[in-house]
Amino acid sequence: MALYKLNINGKIKSVEADSDMPLLWVLRDLMGLTGSKYGCGVGSCGACTVLKDGQEARSCQLPVSELGSAKIVTIEGLSADGNHPLQKAWVEHDVPQCGFCQVGQIMGAAALMKQHPVPTDAQIDEAMDGHICRCGTYQRIKEAIHMAAKAGAR
Amino acid sequence: MSELTRRSFLQVIGAGSAAFVLGCTFDTKTGSKPTETEPLGPGFVANAFVEIESNGTVRITASKSDMGQGVRTAFAVLIAEELDADWSKVVVVQAQADSKKYGGQGVGGSQTIMSMNQRLREFGGSARMMLVAAAAKTWGVDPSTCRTENGKVFHDATKKSLDYGKLAEVASTMPVPTGEVKLKSPSEFKLIGKRNKRVDNKDVVTGKAKYGLDISVEGMVFAAISRRPSLGASVKSFDDKATRKVEGVLDVIQMSSGVAVIGKNTWAALKGRKALVVEWEEPNKSANTKAIRAGLLEAVGDHKEMPAGSKVVNATYDFPFLAHATMEPMNAVADVRDDSATIWTPTQQADGAQNQVMRALNLPADKVVVNVTLIGGGFGRRLSNDYVAEAVQISKQIKKPVKLIWSRDDDMKNDNYRPMSHHALRGAVKDGKALAWSHQFIKAGRGARKASNFGNADIAYAIDDAGMAQGAGQSPVPTGAWRSVDHSQSTVANEVFMNELAIAAGVDPVAFRKSHLRNQRLIKVLELAVEKSNWSKPLPAGWGRGVACFQGYGSFAAHVVEVSVKDKKIKVERVICAVDCGQAINVSGVEAQMQGACIDGISTALKSEITVTNGQIDQTSYTDFEWCTMAEAPKIEVHLIQGGDRPGGMGEVGYPGVPAAVANAVHNATGQPVRAFPIRLS
């Protein structure tokens with residue numbers, strides 16, 4: 001066990017954790033931030049996706065000891081009150097079915113749009129490739145990303 | 001339900017309300033508004049499903065679980081419609097398990113809307129009548145001179161109006177209507193049959209929605225179970241020395257399903273489990289997919305004789321075991337005390353879970369509370385509450401509240417799988433028509449039933465002397481219901497075979513189907529899908545087009561699929577669906593179910609299968625139980641016919657046509673018939 005100072009959603013938080021505990025469990029079990037989901041634990045589904053220094057990262061694959069001063073953004077920090085253009089577009093296009101993967105999908109889309117503010121279908125396909133939606137909401141996800149791009153998500 | 005039963009039901013449930021609020025209430029004006037659980041103010045408890053608070057909030061209780069099929073939204077729509085509620089003031093709360101109060105709470109077989117539609121509308125209408133009576137009493141006017149709209153009662157002659165919230169107290173004193181509850185005609189609908197957004201959207205997109213895995217209770221510890229290395233294995237002995245040295249590990253206990261490691265957090269439990277050394281008794285080490293299939297072939301019986309002078313067509317089709325692979329792995333939180341138990345879990349069988357816990361702990365119903373969380377996917381998997389039983393066993397033994405988490409690998413290897421099956425079909429054609437049809441449906445798996453209510457209805461086609469015989473082959477693989485149940489095999493086989501008969505008869509597959517179909521609603525959806533697909537338009541080289549149709553669960557669907565085949569690689573390029581579900585409750589939900597079923601159909605037609613080697617399930621995660629990704633998902637067009645007064649089921653009707661139409665399209669593209677799923681070109 002060691003003490004780590006983590007930059008989560010713009011705030012420095014101290015947490016005592018086992019050095020190899022993945023960020024996902026630090027967030028969920030130690031900090032009570034349950035928005036990031038556990039789907040597979042091996043980086044194969046995308047449900048645990050967060051932003052690490054603005055880049056998409058699978059929090060189940062990030063040991064807490066390797067985070068250093070990296071800036072982590074989770075769904076809880078994406079917007080103050082759920083008004084990020086992606087979140088609004090997701091609601092507008094009625095994307096979720098079971099909804100379990102959607103936080104990861106939104107965080108993946110947020111990372112994509114930092115790179116490509118107005119992504120093409122091909123760029124969306126490529127960027128979202130590692131995000132499984134078992135309910136099959138892909139079409140609406142794609143529509144929502146295009147809508148958010150029009151609204152100027154960054 | 002009969003009028004008498006319905007009346008007494010309305011009266012019996014008139015008092016008391018104990019809904020568990022997930023913190024997932026919503027505000028329809030802004031999409032939804034996550035709030036903490038609010039205390040119930042003095043209000044009007046109209047019945048078990050409808051409660052109106054003095055501030056005007058309308059609380060609608062969903063007695064059925066939402067696993068993504070949208071029942072929480074559908075409940076709100078049905079009740080709010082007849083209540084004339086202000087949609088922006090509607091919140092949905094999830095019922096605890098209580099089948100005496102709510103009736104059966106299981107969700108499966110696409111039954112929820114079919115079974116609840118009428119009753120929910122009556123509950124909404126009954127509450128509305130009590131509010132009208134309250135207003136009439138307040139104003140001293142005849143109730144028949146009042147009307148309701150958008151959360152208010154109006155008396156137009158005197159230009160008076162009162163909000164439902166203001167009427168709540170008086171309405172509580174009004175008798176529950178015993179006569180017929182007059183329901184709206186479809187032309188009066190404001191919500192039913194329109195596009196309504198899912199009530200939990202805002203909570204989902206902000207990460208505030210609570211699934212089973214997100215539940216946290218005071219003093220809770222975490223558990224993971226070291227599970228069987230092969231099917232049917234049991235623990236012989238175990239060594240937990242290394243486990244107990246792992247930071248955060250609190251305890252290790254033996255279970256019927258393995259050895260549970262209890263930790264201060266999930267990671268400690270998982271890490272401790274990894275350090276466990278378990279010796280297993282393994283009775284099925286020799287089981288493998290090939291041997292199970294050989295057993296199926298042995299169980300195939302004789303086909304009946306085909307009419308003399310006809311052209312006889314033979315085909316066989318093989319289907320693999322399939323996992324449910326819900327995004328949220330199995331889990332449950334259990335807090336077992338000496339004289340009570342409280343459970344929080346994502347389950348498709350809330351009342352079933354309660355009964356199971358009551359039996360396990362020998363407790364009465366009022367001492368077993370089952371809270372149903374949002375569910376990260378079901379597809380039939382959560383009809384079994386095996387994970388609830390495990391959490392209860394652990395909590396009872398360690399005397400603490402515990403969250404049991406299944407890892408993805410646990411989930412993949414310990415499912416109740418869609419059975420593997422082998423289908424032998426024989427048919428006869430003459431003069432462009434099918435004359436006879438024989439289908440041998442052989443299923444594998446422990447618990448595979450020879451007969452089922454979900455999948456062996458008569459085929460959709462008027463073919464004299466059509467029949468299906470069922471058999472089962474030996475296998476240690478546990479099986480269960482998977483989206484569309486037996487239809488995921490029987491109907492898919494039928495629809496691929498129908499195509500082969502059409503080709504043998506030298507008739508276009510659409511025309512061939514139409515000349516044998518009996519049901520006008522099915523014919524109409526077929527015609528619509530075909531029309532929207534430009535069926536006769538030539539496709540690019542290497543492409544193929546296929547069609548399939550299906551009636552079941554009270555609804556009708558047809559699919560046209562276009563595929564391209566390049567270097568033995570199949571890509572689904574376009575799917576056109578037409579569906580008639582009778583009265584749609586939520587058009588957006590109907591389309592979502594069709595789109596989702598398409599992705600299931602494409603995934604299972606081309607990619608997914610569960611196999612067995614040395615007695616163990618080979619697959620571990622989405623890396624080897626592959627699912628369709630966004631790049632592989634085609635454009636899906638959904639065309640809706642609301643062809644009846646009553647709603648049909650939507651959870652399953654969209655599935656069977658898809659793998660069949662994909663197979664028929666592949667046949668069309670390659671000239672080679674498909675004989676096995678997932679389809680692999682060699």
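Predicted model: local features only at pLDDT ≥ 70, side-chain atom pairs only at ≥ 80, totals over all residues.
Local features are given where pLDDT is at least 70 and side-chain atom pairs where pLDDT is 80 or more, while totals for chains, interfaces and linings use all residues. Residues are numbered from 1 along each chain as its sequence is written, and chains are lettered from A, and ligands numbered from 1, in the order in which they are written.

**View 1. The contact between chain A and chain B.**
Chain B contributes 48 residues and chain A contributes 46 residues; two residues are in contact if their C-beta atoms, placed from the backbone, lie within 7 Å. On the side of chain B that touches chain A, the elements giving two or more residues are helix 6 (201-206), helix 8 (266-274) and helix 16 (587-606) of chain B. Helices (H or I, at least four residues) and strands (E, at least two) are DSSP runs, numbered from the N terminus. Helix 16 of chain B gives the most to this side, with seven residues. By class, the side of chain B that touches chain A has 20 nonpolar, 19 polar and nine charged residues. Here Ala, Val, Leu, Ile, Met, Phe, Trp, Tyr, Cys and Pro count as nonpolar, Asp, Glu, Lys and Arg as charged, and the others, Gly among them, as polar.

**View 2. Helix 8 of chain B.**
Eight of the nine residues of helix 8 of chain B are buried, so this helix is largely enclosed by the rest of the structure. A residue is buried if 20 or more other C-beta atoms lie within 10 Å of its own, exposed if 12 or fewer, and partly exposed in between, with C-beta atoms placed from the backbone. The buried residues include B:Trp267, B:Leu270, B:Lys271 and B:Arg273. They pack against helix 1 (23-30) of chain A, and, within chain B, against strand 8 (221-227), helix 7 (241-245), strand 10 (249-254), strand 11 (258-263) and strand 17 (402-405).

Helix 4 (residues 102-115) of chain A has 14 residues, which at 1.5 Å a residue should span 20 Å, and its end C-alpha atoms are 20 Å apart, in agreement. The expected span is 1.5 Å times one less than the number of residues. Of these 14 residues, 11 are buried, so helix 4 of chain A is largely enclosed by the rest of the structure; among them are A:Gln102, A:Ile106, A:Met107 and A:Met113. A:Gly152 follows helix 6 of chain A and has a positive phi, near 85°.

**View 3. The largest nonpolar core.**
This core has 259 residues, of which B:Ile79, B:Ala223, B:Val525, B:Cys577, B:Val579 and B:Val662 touch the most other members. A nonpolar core is a set of buried Ala, Val, Leu, Ile, Met, Phe, Trp, Tyr and Cys residues joined through C-beta atoms within 7 Å. Helix 4 (residues 112-139) of chain B gives the most to the core, with 12 residues. Not counting residues up to four places away in sequence, B:Val579 touches residues including B:Val525, B:Phe556, B:Met594 and B:Leu640.

**View 4. Helix 2 against helix 4 in chain B.**
Helix 2 (residues 71-83) of chain B packs on helix 4 of chain B at an angle of about 35°, with the axes 7 Å apart. Axes are lines fitted to C-alpha atoms, for helices over the stretch in contact, and angles run from 0 to 180 degrees between N-to-C directions. The contact has 11 nonpolar, four polar and four charged residues.

**View 5. Helix 10 against helix 11 in chain B.**
The axes of helix 10 and helix 11 (residues 386-398) of chain B come within 10 Å and cross at roughly 35°. B:Leu361 lies in helix 10 (residues 350-361) of chain B and counts as partly exposed, with 18 C-beta neighbours inside 10 Å. Not counting residues up to four places away in sequence, B:Leu361 touches B:Val336, B:Ala341, B:Val392 and B:Lys396.
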